[in-house]
Amino acid sequence: MSKVNTALASELQYYGAKEFSACYNCGNCTAICSLASENNEFPRKMIRLSTLGLENEIESSLEPWLCYYCGECSSTCPRQAEPGELMMSLRRYLTARYDWTGLSRRFYTSEIWELGAIFLLAAFILVLFIFFHGPMTTELTAEGGVKLNTFAPWKTIEIGDWIMAAFLGFFLLSNIFNMYLKVMVRNNNVKIPIKLYFTTLWDLAFNFATQWEFSKSDNKTKIAGKQFNISPYWIMHWLLMSSYVLMLILIMVFLGWFQTDIIYEWWHPQRILGYYATFGLMAGLIYFFYNRIKKEQESGKHSHLSDWVFIVLLALTTISGILVHFFRIYGLPYSTYYMYVFHLMVLFPMLMIEVPFSKWSHLAYRPFAIYFAKVKSAAEKMNSKN
Amino acid sequence: MEQQNELSFDTLVIGGGIAGSEAAINLANLDYKVILVEKDLSLGGKMIHLSKVFPTLDCSACITTPKVSETIRHPNITIYTYSEVKNIVKVSDKKFTATLVKKPRYVNEDLCTGCQECEDKCPVVVKDQYQYDLVGRKAVYVPFSIANPRVVNIDIENCILCGICEKVCPVDAIDFTQEAVEIPLTVKSVIIATGFELFDPTQILRYGFGKFKNVVTAMQMERQLVPTRPYNSVLRPKDGKMPDNIAYILCTGSRDETVGNPICSQICCMYSVKQAQLLLGALPMADVSIYCMDIRAFGKGFCEFYQQSIGMGVEFHKGKVAKVTEKENGNLILRYENIENGKITEVEHDLVVLSIGVLPNPEAKLLFNSPVIESDEFNYIKQTDELVCPPQTNIEGVYVAGTSSGPMDIPDSILSAGAASACSANYIRN
């Protein structure tokens with residue numbers, strides 16, 4: 001039996017969906033969608049479920065994660081019910097539903113919680129540095145660089161890294177497990193052989209690394225009024241994602257090599273990789289800012305606070321990281337130290353809030369959703385054969 | 001521009017469609033002197049071009065032409081076709097002034113007999129707007145076979161000024177020296193019957209109208225179903241094949257905020273049902289499918305008419321068509337979500353008819369100088385007192401008839417014209 005939550009429509013408003021009740025069920029959105037397919041008909045199905053307040057059905061739906069917000073449905077909706085924005089809001093809603101701590105819901109629905117948590121975690125880092133930082137020496141290395149590792153030894157930072165990683169990993173993985181329960185165990189009539197989870201594992205890895213489904217989305221992207229056939233949205237997203245992952249590997253696994261006092265030649269891998277990552281991040285960020293400010297594409301027309309927090313924090317992290325690098329190699333000790341502290345004050349709350357509880361969790365939910373959808377459809381095929 | 005002496009009438013009726021003619025006849029029968037100004041070359045408006053009316057399937061032209069003849073022959077009605085009015089000013093109670101602009105036809109209307117000798121010889125061929133671009137016409141032409149007045153007109157935009165028409169005309173009616181004439185006008189009341197415009201489906205790129213030849217508008221289909229039809233059969237434009245699997249896409253440009261027209265056009269469901277029935281008669285082997293969000297059969301006998309079409313074998317599918325793509329052979333693939341089962345469906349048809357909606361005529365507002373005429377949120381002339389006096393506008397003495405105030409079907413247009421003429425008579429008399 002289905003449970004109806006009569007307050008769902010008003011609850012979804014907090015997640016950004018404001019217009020969907022205008023829908024008159026013409027089905028234009030589903031038919032125009034380049035990603036909707038047999039078995040995965042959306043967005044109208046999700047609009048219907050949302051209008052009726054069927055939370056359990058929404059909770060077990062994978063469709064929101066299969067949408068990449070090309071915006072075709074919204075721009076052609078005869079009622080301007082913004083189906084694309086509903087899908088976006090449902091991704092936020094699902095992130096909150098998968099999160100068993102309830103924090104995600106707070107962050108999405110309350111500006112005070114979201115901003116408060118950021119400042120609190122930033123203050124925590126500041127306090128740690130105030131009490132535990134190393135000597136702030138103005139003495140430079142032989143090459144004329146700042147002795148950053150004297151101020152903040154990479155070994156100590158790395159310990160912090162790993163504690164944080166354990167924390168993030170625990171919450172993210174438990175939320176993914178929660179997603180698995182909701183999607184694959186409850187509300188599921190299809191019997192799924194365990195074997196399928198392994199045979200489709202490749203889809204998970206592949207989509208995690210490439211977001212290939214995204215590239216298929218019919219993205220009539222315009223930049224400065226010019227139309228593109230391939231999706232620059234996907235390219236920019238991939239550039240940002242790959243840079244981000246690279247950076248994450250550099251600071252988590254190779255921190256001792258990356259955060260060094262030695263000034264390498266410009267062509268050295270340590271610098272080249274760092275430059276690629278910062279370039280990718282900046283390019284992606286400029287694109288995302290442009291999209292949200294110019295509002296040319298449907299995906300940029302409505303910005304939730306969590307969207308801004310995501311790109312602003314990432315931009316601050318990137319810029320401060322770049323500044324740390326240049327202050328260090330040009331021998332400006334105090335600037336380096338302060339900028340380094342600021343860098344971590346942004347980076348830490350960003351990861352702590354965004355990765356398990358907010359927008360960045362999509363890095364896990366999206367590939368998992370594609371993976372689960374593949375497993376389900378493979379299971380259905382097997383069952384229909386038998 | 002020539003100036004002429006002032007004309008004076010009781011009522012100015014703007015627009016010579018079915019509503020304007022009806023209003024003019026009503027007033028003229030009450031012995032009011034009426035001036036009827038029609039922008040186009042002939043009276044009859046849109047209705048004279050239609051095949052049948054719904055739900056009775058009476059011949060549309062057979063109802064319109066007698067009415068048009070009656071209008072033209074009425075001693076109390078003075079008609080100006082191919083003319084416009086502008087600068088309407090309310091000077092005082094029961095006194096309006098306006099300027100009548102008579103555009104040049106380059107043909108002396110009093111002399112022309114409509115023999116079409118000139119049309120026969122004219123070397124220029126352009127698209128025929130009265131056949132909705134299905135066939136061609138000459139640069140000097142009688143607008144259409146049942147036009148009234150049935151005189152030729154020179155389309156000066158496309159004319160190459162070869163002078164052949166002038167030479168062959170047996171009555172020397174061709175006159176290239178004609179100029180627009182402005183005539184000052186004084187009247188006691190005004191009736192706006194400027195009608196509606198049809199939605200231009202090139203706005204909806206994904207339906208491919210203008211790009212895919214076998215996507216036509218309902219008005220083009222209507223022309224293929226009338227007795228004076230261009231091909232004397234129903235043919236699809238791309239290759240002249242008789243279609244046998246026809247699709248109608250309803251709500252093309254109606255109930256669609258993306259094209260700025262959120263309201264229902266009120267006639268498309270029924271004219272599509274009507275055309276489907278006529279098609280089953282014209283092409284007995286053909287299948288007709290109608291893709292709709294819902295069928296709004298709200299008038300007297302409409303629902304029965306709709307049921308009748310189901311009985312005749314017309315298929316109705318619930319779901320708005322999102323995309324039309326063309327195959328190499330000219331057939332079209334329609335993609336829609338079947339609302340009955342939630343499945344994305346693609347179907348092939350060999351002819352697609354877009355049931356285009358009704359839009360307000362934007363020119364109606366521009367006729368008035370002072371005071372300005374108000375329009376409603378959908379850009380139709382505003383009915384200020386819809387329940388007590390529906391034809392009433394914001395200017396006392398100015399009344400609205402027919403589709404100038406909103407989408408409506410033919411019987412409603414005639415009703416509203418009756419109301420407008422009654423209000424106008426009442427206003428003049430008191």
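Which elements of chain B do the buried residues of α1(B) pack against? In this predicted model, local features need pLDDT of at least 70 and side-chain atom pairs count only at pLDDT 80 or more, while totals for chains, interfaces and linings use all residues. Residues are numbered from 1 along each chain as its sequence is written, and chains are lettered from A in the order in which they are written.

Because 11 of its 12 residues are buried, α1(B) is largely enclosed by the rest of the structure. Buried means that 20 or more other C-beta atoms, placed from the backbone, lie within 10 Å of the residue's own. Among the buried residues are Ile18(B), Ile25(B) and Leu27(B). The packing partners are β3 (11–14), β4 (34–37), α2 (60–73), β7 (77–80), β15 (189–192) and α9 (410–429) of chain B. Just after the helix, Asp31(B) takes a positive phi of about 75°.

Next comes the meeting of the two chains. Here 16 residues of chain B are in contact with 17 residues of chain A, contact meaning C-beta atoms, placed from the backbone, within 7 Å. On the side of chain B that touches chain A, the elements giving two or more residues are β21 (321–326), β22 (332–338) and β23 (343–349) of chain B. Of these, β22(B) gives the most, with 3 residues.

Conventions
Helices (H or I, at least four residues) and strands (E, at least two) are DSSP runs, numbered from the N terminus. Two residues are in contact if their C-beta atoms, placed from the backbone, lie within 7 Å.
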